Amino acid sequence: MTAVTGETPTTGSGLLGQPLDIREDPQLLRGEATYVGDIDLPGTAHMAILGSPVAHAKILSIETKAAEQLPGVLKVATAADFTDVMPLPCIWIPGGVESHFPPHPYGLPGARPVLTGDAVRHVGDPIAVVVAETPRQAHAALAAISVEYEPLSVVTRADEALAEGAPQLHEAVPGNLNAYWTCGDKDRTDAAIAEAEVTVELDLVNQRTINSPIEPRGAVGDYNAVTGEYTLYASTQGPHNHRFLLSALVLGIPFNKLRVIAPTVGGSFGTKGYLYPDMPLVLLLSKALGRPVKWVDTRTGLMNSTVQGRDHRQHVTLAGTRDGRITAVRATSYANLGAYPSTIGPGVATALMGRSISGMYDIPAAFCEVYAAFTNTVSLGAQRGSGRAEAAFLMERLVDRYASEIGMDPAAVRRKNLVPKEKFPYDNGLGWTYDSGNYQLNFDKAIALSGYADMAARKAEARTRGKRLGVGLATYVAICGVGPSTRMSQEGMLGGTWESANIRVHPTGEVSVTVGSASTGQSHGTVFAQVAADELGIDPDTVQVFEGDTQKAPYGQGTYGSRSYSMAAPAVALTARKIKAKLVRAGAVFLGVPEDKVVYEGGKVHEEGNEENSKTFAELAMAMWYGWGLPPEIEPALDETTHFDPPDFNYPFGTHVAVVEVDELTGETEVVAYTAVDDAGNIGNPKIVHGQIEGSIVHGLGQALMEIAEYAEDGQLISSDLNHYALPRAADVPFFVLDKTVTPSPHNPLGAKGAGEIATVPPAAAVVNAVVDALSDLGVRHIDMPLTPEKVWRRLRGEAR
Amino acid sequence: MNVNGRSEQFPAQPNELLVERLRDGLGLTGTKVGCDTGQCGSCVVRLDGKSVKSCLILTVSAAGSEVTTIEGVTTPGGELTGLQEALREEHGTQCGFCTPGMVMALGELVDSTAGGEAPTEPEIREWLTGNLCRCTGYHSVVRGVQRACEAARQEV
Ligand code: FES
Ligand code: FES
């Protein structure tokens, strides 16, 4: 990132915003980090899971005797072994208190049991587990379990699942409708559309995708018969949250008898925050067998069990004037929740998507309705940019469609409708109130940087090489900083969504920062140390960060929705300020001056106007440890904690420009240039954010060009390994042109907005817009993702879809 | 088999994959397993100097060979190689799961450029197509390799 616009200083010592080296990197580069698959407790037994080979069937019988006889097998278990275990809760009920279905203690009817006993509802639905001496023995024994099925008919699309006569997934959910959810003003929107000078409509498929962290999930359960404590090591992005869900809601064991540890986690992007059957299973089986039980997923297992993302079928409408003013937007969406409601999947498919559809635009009337349905597919969950990417896609496709309908430049239409700077805080009429923004500045910067004005000449030049050049724009607002707990309750989230930090200053002046958050590759150890050191005015190398172990860390929901730097880091900053405040009070004693004459500056306290009379941070730390001479109102030691619950969300935003070349002969699309200008408010460590933005864009390009979880009619997942599910590789992308604007959020003391996944939000729309632009003279108005060469080639040849 | 300069003797298992021997048999867990199909590159090690996917090779077929894993590249907590140092400077790793495989695969490329021509950006990207990374978007990795190759070229 090059230029910086409108940067506002923080209260600290200037460390924030510096690209400090990432302290985690050397260990990772040497291969020395411990992921869950690398954990090797003495006496470990290994678990394998039998997933259903068919998508929908009644289970008539399960025969496990043969498997039990095999070498090394210690236990084979089925649903019958876990009748006293509660199903896995769903804690995000669309609509919350206003839900069309009342909250259920386990989220919703249809919740997933730890093992299914009556019926299977998707390929991979866990039916039985084997624990054996070695992973190979466990896997080999799966083949010896025989299950008798009575096949049922299959449905894999949300709209079809809601149709009359569709196969029924759960007895308790007739019609397969999990939730009907709306936001915005229907009457006003319908009226605006009816009266409009121009309306455009699109039918969109936001295809199902698989997040595919490179590390599959894994879990190790370790029960201690002496203390009655359970320890779960898991590849999780929310160890505290898993502890809460597992202890209180599933296993019925006291909260303080369960310890959850997240070791190094190999990426997540949303998928590792969910509760999966393997987690309670390794704990229960460890207790049953008196040994640690370990399970590590395979890639195919991941494809058939870890939550998948997106998957909306939508009919969307935009209304406007002939001169380019948008007057209304309306969306009807059929969201595919999969076979069971995942931990927070229903919320992703509804609120996160629906409330975001108007994007960066000031639209007088907006309405969104979502039918969230059960089908015979893997459960739906979050996917980098979840909900917000789906929303940006529909809006940005509509704007292009509208621009072409009225014969106006797509950039000019966008520019005209951006929420003006003076209107913040801005109520978007769909439930979000945008905190701050300067959308014009951001948009203009992206347009200028991308060389948008020269595209006509570049198009002509490309034609001489047999290529059709297209340019596509996409803007977005991404809700982040999840979240304000009261606000989240209105969204139907059952759980505290605040974050905590503890700072302990040791007698030697070194500092331990402990947070409830847990990294899945976001370099928390570097940036949280940076925040604490910045506030305290000390050397960041003297600050150590701890997280990921519920026994040691204060509560926090974890890393998701790009919330670490705007939720956990503010908790660190506020805690450091408490330490500073205490040092000022104690400093008055040690310096022998009144409190209002004590200045804390550059890691020291000194007397105002007399820098000679001072004590360094290290001296103060030691003195506070001794506690000699402190008045009774000042406790010894420096150990403070903060629980940070923001007043509202924060709303990063940005503008991306994709330039593609479509090969006339092969239909291949190459992204030849990509410009992104994102605004994540004040940034702690640009090295981290820069890397996340690059990774996010590639992730978004993957959805546009190649990624799809494809289900056959019988419910088999065709793309069930990396031979059949394409992920972007290094050769698929050029270097990007990146820049930023900086609009601090008023909702946290760092002025931070989410950053980690925001750049995944617009690329799919930008690329599809670019390809449609390249093909527009052929009458092409839309192409469904992914834009595979074959699909594009057919359109080049004039085939309809 | 010689692993990281140490001779390892063990009874041959006919169907055992090299990655299983390294991770489960020899406790060298720096090599990662990310897929079942030879697609992700997390398991790349060097076999007689050439980078190979250790999930696609049977242990028996590596008999008598020189195997280098990530553990053989540096000492625990020790100094980074030129490539690792360049990747550190460019922050070419985030979650780190793909990283050992990348370091092993890219190490071959960097070694091969010592004293010669530095590879072009497309060549580096082409070399990297066997390694998947979901975090970084590859840019910082490519920049790191450019930096390392430049350094390697100038050293000789
Ligand atoms: S584990 Fe070997 S290539 Fe993926
Ligand atoms: S750094 Fe996470 S997969 Fe590459």
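**Definitions applied to the model**

A: Just after helix α2 of chain B, His91(B) takes a positive phi of about 55 degrees. This is a predicted model, in which local features need pLDDT of at least 70, side-chain atom pairs count only at pLDDT 80 or more, and totals for chains, interfaces and linings use all residues. Residues are numbered from 1 along each chain as its sequence is written, chains are lettered from A and ligands numbered from 1 in the order in which they are written, and side-chain values use heavy atoms, with hydrogens and water left out.

Q: What makes α2(B) a helix, and which of its residues are buried?
A: Helices are DSSP runs of H or I with at least four residues, strands are runs of E with at least two, and both are numbered from the N terminus. The run of α2(B) covers residues 82-89. Buried means under 20% relative accessible area, exposed over 50%, and partly exposed in between, with a 1.4 Å probe and protein chains only. Leu83(B), Gln84(B), Ala86(B), Leu87(B) and Arg88(B) are the buried residues of α2(B).

Q: What covers the buried residues of α2(B)?
A: The cover includes α1 (25-29) and α18 (686-705) of chain A, as well as α3 (99-113) and α5 (139-155) of chain B. Contact here means heavy atoms within 4.5 Å.

Q: Why is Pro11(B) called exposed?
A: Its relative accessible area is 64%, and the term requires over 50%, so Pro11(B) is exposed. Pro11(B) lies in the loop between β2 (6-7) and α1 (18-25) of chain B.

Q: How do you know that the radius of gyration of chain A agrees with that of a compact globule?
A: The radius is taken over C-alpha atoms, and the globule rule is 2.2 Å times the number of residues to the power 0.38. For 801 residues the rule gives a value near 28 Å; chain A has 27 Å, and therefore agrees. Buried residues make up 64% of chain A.

Q: What makes β2(A) and β6(A) a pair?
A: Two strands pair if DSSP finds at least two bridges between them. Strand β2(A) (residues 57-63) and strand β6(A) (residues 146-151) share six bridges in the antiparallel sense. Within this pairing, Ile62(A) stands opposite Val147(A).

Q: Why do β2(A) and β4(A) count as paired?
A: Two bridges join β2(A) to β4(A) (residues 119-120), and the definition asks for at least two, so the strands pair. They run antiparallel, and Lys58(A) has Ala119(A) as its bridge partner.
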